[in-house]
Amino acid sequence: MISSSNIRVRFAPSPTGYVHIGSLRTALYNYLFAKKQGGEYLLRLEDTDKKRFVSGATENLLSVLETMGLLHSEGPFISQQLTVNSLPESPRETLRAGQQQTIESVKYPGIVEVGDYGPYIQSERLELYRKYAQELIDSKKAYYCFCSPERLDAMRKEQMTNKQMPKYDRLCCQLSSEEIQKNLDAKLPDTTIRFKLPDNETVWFTDMVRGEVSFNTASMADAVLLKSDGYPTYHLAMAVDDHFMRISHVIRSEEWLPSLPLHVLLYRAFGWDAPQFAHLPLIINADKSKLSKRQGDVAVEDYLKKGYLKEALINFVAMLGWNPGEGSMQELFSMDELIEKFDFEHVHKAGAVFDMKKLDWINAQYIKRLSVDELYEKSLPFWQEKDFYKAAKPEQQSEEYLKKVLFIERDRLNRLDAVGESNAFFFIDTLEYDKELLRWKKNTDDEIITALTKAQEVLTALDEQDWTQDNLSEKLMAAAGEKRGDLLWPLRVALTGAKQSPSPFEVAFVLGKIESLKRIGKALSK
RNA sequence: GGCCUUAUCGUCUAGCGGCUAGGACGCCAGGUUCUCAUCCUGGUAACAGGGGUUCGAUUCCCCUUAAGGUCACCA
């Protein structure tokens, strides 16, 4: 694979069934960094927890990342999408040139893997992890542990009640080689391999966002590397994979910081150079806790379903923990601008609260910039779920009509799922409203009738082909004269039946001549 | 509880020894052809506290406080 630099980063999610908004940002920062540096951004699937297997999660993950525009150049792909344009340029070209093979995933039907450092799905790399766990056993940097979950649990509880730090007591570390062999021969069910931590050693390292950080091994426990089911834990898998996949920079969430010394020590035990690390601040709830399901939506899919534009989501999430610096006051960034400007200099250290109000504002900005055609395309699925839309007449369900409505709704919309909601009168045949609503200030019934009649005359005189917003505005304003409210208010109510709505010109334009006159007639009869 | 991390308006943030501490969201007020929205103008609001270092600290150091993360055969 041709790459202009040695920079290789990865996004390594575990398929849990949905894509967490924090994961989206982690993936984004990895992506931005790789693109900025001319490196590779790859995807690796961390599916080493058999208990948490969720059917369909992998496909969902892949397709969400794809729709968000975060395309990896190596890793698993949905094979159907491979034939379309979802693959970034370089692998697509090599694939076309026949230089690269796609490999069918054994475990996930319909998923293929592309790249020179595969497989990219951890459950397909088990032999590798076992081999390197064994290597650490041989070099006495790891040891077999035969303790049962029950014993570990009891031990932990006791330590907690004694206000001690929960930590493995190294019981199995003292086993003689005969005892170990006997246990191995007996194939004890709870056999794991644990890393043997050096005693009381301070581990230093430099984090790209946090600077110098140090830990002492005294406050750490011997972590399990290989589980009793033969699967690796995150720690082992991550070290082995990042090494063999030539990862240069590990960019991940801050929650990994406490296990960083373990990872550094693991690299050292293997005699490998460790990659650079960057630990990103957490995205948090209003109460400063880790962004969680209980306090609102955390899945990218949820936000997409609510009618947030992917560009708005990317823009918003990018600014959570990073800014372009240099006194920049820019708020809106395209993906290309983000790539151009992204750096770790300006990645924040403190967590950032996920502020929905700001997201709404950004989303509104992106909606305003959409053409009516684009807005129509994007909003159609949302229309189709609305009861008032489903109940509307066919001509009001038409593309032409919807686009007229969208033209005047565009500036009023925060989210696509609210489409039409404040303007349902466009789709309702018989408006229900109190006749008192037609009264502007202290006008008399006669004044209202005069106003509506005048409006009726003006609209009747206007030909269908002259039925434009500008003409309507011009003629009606002329007819209204000084006291605009006297005419405009009752007219607007007659057309909408609502206390609040767009202007009568806009509404009349969308409704058309026939429907507008019909509604004025009904108002007069009140 | 141990360890680690963090700390500028309510929120996202600018600031990298000298500024009336800037911008954005929100909120409030006013304006823009009737109401709503958009838009425009203005306003509200912050350096957690205490010690140092320095001629001078929001900025560097220490302590305190507070918040968060993490201590699994989950990632």
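This is a predicted model: local features need pLDDT of at least 70, side-chain atom pairs count only at pLDDT 80 or more; totals for chains, interfaces and linings use all residues.
Two strands count as paired here if DSSP finds at least two bridges between them.

**Domains**

Chain A is split into domain 1, covering 126-241, and domain 2, covering 435-525.

Look for an open sheet of three strands in the order 6-7-10, paired in the antiparallel sense. Strand 6 (142-145) and strand 10 (224-226) are the edge strands, and each has a single partner strand, so one side of each has no neighbour in the sheet. On average, and ignoring direction, neighbouring strands of this sheet are turned by 45° against each other.

Strand 7 (residues 192-195) runs antiparallel to strand 10, and two bridges join them.

Strand 3 is joined to strand 5 (residues 111-114) by four bridges, and the two run antiparallel. Within this pairing, F77 stands opposite V112 in strand 5.

**A parallel pair**

Strand 11 (residues 249-253) and strand 12 pair in the parallel sense, with five bridges between them. One pair to look for is H249 with its bridge partner Q276 in strand 12. Is strand 12 (residues 276-280) largely enclosed or open? Four of its five residues are buried, so strand 12 is largely enclosed by the rest of the structure. The cut-off behind this is that a residue is buried if 20 or more other C-beta atoms lie within 10 Å of its own.

| Helix pair | Angle | Distance between axes |
|---|---|---|
| Helix 18 (residues 445-461) and helix 20 (residues 484-496) | about 75° | 9 Å |
| Helix 1 (residues 21-37) and helix 11 | about 80° | 10 Å |

Angles of 65 to 115 degrees count as roughly perpendicular. Helix 18 and helix 20 are therefore roughly perpendicular to each other. From helix 18, the contact uses E447, I448, A451, L452, K454 and A455, while helix 20 supplies D486, L487, P490, L491 and A494. Sorted by class, this contact holds eight nonpolar, no polar and three charged residues.

Helix 1 and helix 11 are roughly perpendicular too, by the angle between them. In this contact, I21, L24, R25 and L28 of helix 1 meet I314, V317 and A318 of helix 11. The classes here are six nonpolar, no polar and one charged.

**Single residues worth a look**

Most residues other than glycine have a negative phi. Which phi does K163 have? The phi of K163 is near 60°, a positive value in a residue that is not glycine. You will find K163 in the loop between helix 6 (149-161) and helix 7 (177-185). K163 is exposed, because 6 other C-beta atoms lie within 10 Å, and the cut-off for exposed is 12 or fewer.

E326 also has a positive phi, of about 55°, and is not a glycine. Its place is in the loop between helix 11 (310-318) and helix 12 (335-341). E326 counts as exposed because it has 7 C-beta neighbours inside 10 Å.

Finally, P149 belongs to helix 6. P149 is exposed, with 9 other C-beta atoms within 10 Å. The C-alpha atoms of P149 and D190 are separated by 7.6 Å, although the two residues are 41 apart along the chain.

Key
Residues are numbered from 1 along each chain as its sequence is written. Chains are lettered from A and ligands numbered from 1 in the order in which they are written. Domain bounds come from an automatic or database domain assignment. Axes are lines fitted to C-alpha atoms, for helices over the stretch in contact, and angles run from 0 to 180 degrees between N-to-C directions. Angles under 35 degrees count as roughly parallel, over 145 as roughly antiparallel, 65 to 115 as roughly perpendicular and the rest as oblique. Two residues are in contact if their C-beta atoms, placed from the backbone, lie within 7 Å. Ala, Val, Leu, Ile, Met, Phe, Trp, Tyr, Cys and Pro count as nonpolar, Asp, Glu, Lys and Arg as charged, and the others, Gly among them, as polar.
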